[in-house]
Amino acid sequence: MANSVEDFSQFDISKEEKDKLVAEVIRYILFKTHQNSGCPIKREELTQLVTKNYNQRSFPAYIINEAKDKLSTIFGYELRELQRSRPSTNQARSSQQSVADAKSYVIISQLPAEVYRKYVEDVNTSHMTGFTFVVISLVHLAGGKIAEENLWHHLKRMGLYETDVNHPVLGNVKQVLETLVQQRYLQKDRVTGPEGTTVFYELAERALDGPVSERIKQYISQIVKKDFATEDNV
């Protein structure tokens with residue numbers, strides 16, 4: 001806390017103004033997360049909230065860090081920073097992107113899994129969580145990248161069709177898959193070759209992030225163990 005006060009002293013702003021800015025950033029993060037179904041929030045968006053009235057260079061980072069601390073201590077959320085990834089066939093361009101454009105934030109509950117499931121998890125969106133894990137697992141097992149045609153081949157075996165706009169649980173299945181791109185679990189890449197253009201789905205930064213990546217590996221491991229157990233019992 002002493003370091004926070006010391007850091008704050010370098011800015012020509014009252015504590016009341018600082019607290020107001022921190023609260024505004026927190027409100028924006030919570031609102032945007034709900035409004036956009038958990039899509040990452042660009043760092044630039046949060047920076048603009050601060051710089052519209054204050055132009056100290058390091059002030060936005062200070063306010064964002066303060067908001068991060070309060071989200072954790074008061075709301076039980078981790079404000080996790082993600083570094084935007086680019087399709088593997090387009091790595092050259094990624095080195096040219098600005099640092100501001102490359103960074104974004106998502107909030108992750110810090111509650112124990114069993115507590116979150118019992119008191120927080122919305123049963124109306126649990127189907128989306130299941131679909132997300134299935135798709136990310138398929139792409140992971142394909143080596144982190146899979147052709148669109150092959151992905152739909154696997155999904156069709158589960159009764160999920162690209163043309164199905166009235167699935168009883170997911171609704172428009174193709175649109176739900178696109179939501180995973182918007183949420184940055186996946187990224188799409190079009191590759192043109194001798195046989196035409198092929199669309200690939202590749203793991204994006206949110207699926208590659210440590211906690212999610214570990215959960216996916218555990219999920220796959222559990223399925224493999226169940227398959228081996230079933231074979232042993234046959």
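**A walk through helices and salt bridges**

Let's start at Glu214, which counts as partly exposed at 41% relative accessibility. On that scale, buried means under 20% relative accessible area, exposed means over 50%, and partly exposed is in between (1.4 Å probe, protein chains only). Before going on, a note on the model: it is a predicted one, where local features need pLDDT of at least 70 and side-chain atom pairs count only at pLDDT 80 or more, while totals for chains, interfaces and linings use all residues. Residues are numbered from 1 along each chain as its sequence is written, and side-chain values use heavy atoms, with hydrogens and water left out.

Back to Glu214: its side chain meets that of Lys217 in a salt bridge, at 4.0 Å from N to O. A salt bridge here is a side-chain nitrogen of Lys or Arg within 4 Å of a carboxyl oxygen of Asp or Glu. Both residues sit in helix α12 (residues 210–233), three residues apart, or about one turn of the helix. Helices are DSSP runs of H or I with at least four residues, strands are E runs of at least two, and both are numbered from the N terminus. An α-helix has 3.6 residues a turn, so residues three or four places apart point the same way. Lys217 is partly exposed too, with a relative accessible area of 40%. Elsewhere, salt bridges that share partners tie Lys15, Lys18, Asp19 and Glu66 into one network.

In all, the structure holds 13 salt bridges. One of them pairs Lys15 with Asp19, and their closest N and O atoms are 2.8 Å apart. These two lie in helix α2, four residues apart, again about one turn of the helix. Asp19 is partly exposed, at a relative accessible area of 27%.

What about a pair that reaches further along the chain? Lys174 forms a salt bridge with Glu162, with 3.7 Å between the closest N and O atoms. This pair links distant parts of the chain: Lys174 belongs to helix α10, Glu162 to the loop between α9 (148–156) and α10, and twelve residues separate them. Lys174 is partly exposed at 37%, and Glu162 is partly exposed at 29%.

Now for α2 itself. The helix has 21 residues and reaches 30 Å from its first C-alpha to its last, close to the 30 Å expected at 1.5 Å a residue; that expected span is 1.5 Å times one less than the number of residues. Which residues of α2 are buried? They are Lys18, Leu21, Val22, Val25, Ile26, Ile29, Lys32 and Thr33. Seen down the helix axis, they fall within an arc of 140 degrees, so they line one face of α2. The arc is that of the directions from the helix axis to the C-beta atoms. On the face turned away from this buried side, α2 carries the exposed residues Glu16, Lys20, Arg27, Phe31 and His34.

Ser37, in the loop between α2 (15–35) and β1 (41–42), has a positive phi of about 55 degrees although it is not a glycine. Ser37 is partly exposed, with a relative accessible area of 47%. Arg184 is another non-glycine residue with a positive phi, near 70 degrees. You'll find Arg184 in the loop between α10 (173–182) and β5 (186–193). Is Arg184 buried or exposed? Arg184 is buried, at a relative accessible area of 8%.
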